[in-house]
Structure formats: C-alpha cells, structure tokens
Amino acid sequence: MILTGIGGGGQAPVVGRVNHNTIVDGDGIRVADMTEPDMLSEMLKAAAVVTNRGGAMSHAAVVCTARGITFVVGTKTATLLSQGAYIEVDPSAGTVTLLD
C-alpha cells in the first residue's frame, strides 16, 4: 500500500511503527486524521507525522517544518493503517509505504 500526500519537514525517509495514540519512545510515527494544538507534545516525540487531512499550511505541516520532523499530510486514508504497522514515510516523494 502506498499513500500519497504533501511531504516535508525532514531530509530523509523515516521507517517506524504506526501509532494512533501516545508516542512513548520517540521512534513511533504519529498517524491522525489531522493534528491540533493539543497534540503538540505527542507530535514533538514522533519520528514522523502522517495525516488524512491537511495541506502545506496545515497545523501538522507548519509544526513539523518548524521542528524538522518528517511528515506527509493529506493522504486521505492514513488512519486505515493498522496500529503497529511498519511503514516508511518519504517526505521528498510525499509517500507512505507499508513495509509489513
């Protein structure tokens, strides 16, 4: 499965596990419908952020760009990824690839 959207923030692809909830160890990839200010602390712990909705000026894109966090926004179906799935987030291509 490959999801496409608008990517940025980091310089290189990030590989990690999908996390829809709390990021504990910093190597999880935060997946959400969209991000909001109350999610900031979890976003800052994430290795990458992927959202269903959003564009170049969305909350996720602005925060991740400012903090150098890899992201892909506007994928439409990111939340269909299973909790714990192993994915690669490529900010240059704006893609999310399921590796499991």
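## Close-up views of a predicted model

**View 1. Strands β5 and β6 run side by side.** Strand β5 (residues 48-51) and β6 pair in the parallel sense, with three bridges between them. Within this pairing, Val50 stands opposite Val72 of β6. Please keep in mind throughout that this is a predicted model.

**View 2. Strand β6 is buried on both of its faces.** Which way do the side chains of β6 (residues 70-73) point? Thr70 and Val72 point one way, Phe71 and Val73 the other way, and all of them are buried. On its antiparallel side, β6 meets strand β2 (residues 6-8) over three bridges. Here Val72 is the bridge partner of Gly7.

**View 3. The whole sheet, strand by strand.** Eight strands form an open sheet with mixed pairing, in the order β1-β8-β7-β3-β4-β5-β6-β2. Its edge strands are β1 and β2, each of which pairs on one side only. From one strand to the next, the twist averages 25 degrees. As a reminder of the background, strands of a sheet pair through backbone hydrogen bonds, either parallel or antiparallel.

**View 4. Helix α2 joins β5 to β6 and packs on the sheet.** Together, β5, helix α2 (residues 59-67) and β6 make a right-handed β-α-β unit. In α2, the residues Ala60, Ala61, Val63 and Cys64 are buried. What do the buried residues of α2 pack against? They pack against α1 (40-45), β5 and β6. Just after the helix comes Gly68, which takes a positive phi of about 70 degrees.

**View 5. The other end of the sheet, around β8.** Strand β1 (residues 2-4) pairs with strand β8 (residues 95-98) in the antiparallel sense over three bridges. Ile2 has Thr97 of β8 as its bridge partner, and Thr4 stands opposite Thr95. Strand β7 (residues 86-90) also runs antiparallel to β8, joined to it by four bridges, and in this pair Val89 stands opposite Val96. β7 and β8 form a hairpin with four residues between them, and Gly94 in the turn has a positive phi of about 70 degrees.

**View 6. Asn52, a buried loop residue.** Asn52 lies in the loop between β5 and α2. Is Asn52 buried or exposed? Its relative accessible area is 8%, so Asn52 counts as buried. Leaving aside residues up to four places away in sequence, Asn52 touches Ala32, Asp33, Gly74, Thr75, Lys76, Thr77, Ala78 and Thr79.

**View 7. Arg53 and Asp33 meet in a salt bridge.** The structure holds two salt bridges, and in this one the side chains of Arg53 and Asp33 come together at 2.9 Å, N to O. The pair links distant parts of the chain, 20 residues apart: Arg53 sits in the loop between β5 and α2, and Asp33 in the loop between β4 (28-32) and α1. Arg53 is partly exposed at 45% relative accessibility, and Asp33 is partly exposed too, at 33%.

View 8. Glu42 forms a salt bridge with Lys45, and their closest N and O atoms are 3.4 Å apart. Both residues lie in α1, three residues apart, about one turn of the helix. An α-helix has 3.6 residues a turn, so residues three or four places apart point the same way. Because its relative accessibility is 14%, Glu42 counts as buried, whereas Lys45 is partly exposed at 38%.

Terms used. Residues numbered from 1 in each chain as written. Predicted model: local features only at pLDDT ≥ 70, side-chain atom pairs only at ≥ 80, totals over all residues. Heavy atoms only, no water. Buried < 20%, exposed > 50% of the residue type's maximum accessible area, 1.4 Å probe, protein only. Helix = DSSP H or I, 4+ residues; strand = E, 2+ residues; numbered from the N terminus. Pairing = 2+ DSSP bridges. Right-handed = clockwise from strand over helix to strand, strands pointing away. Contact = heavy atoms within 4.5 Å. Axes fitted to C-alpha atoms, helices over the stretch in contact; angles between N-to-C directions. Salt bridge = Lys/Arg side-chain N within 4 Å of Asp/Glu carboxyl O.
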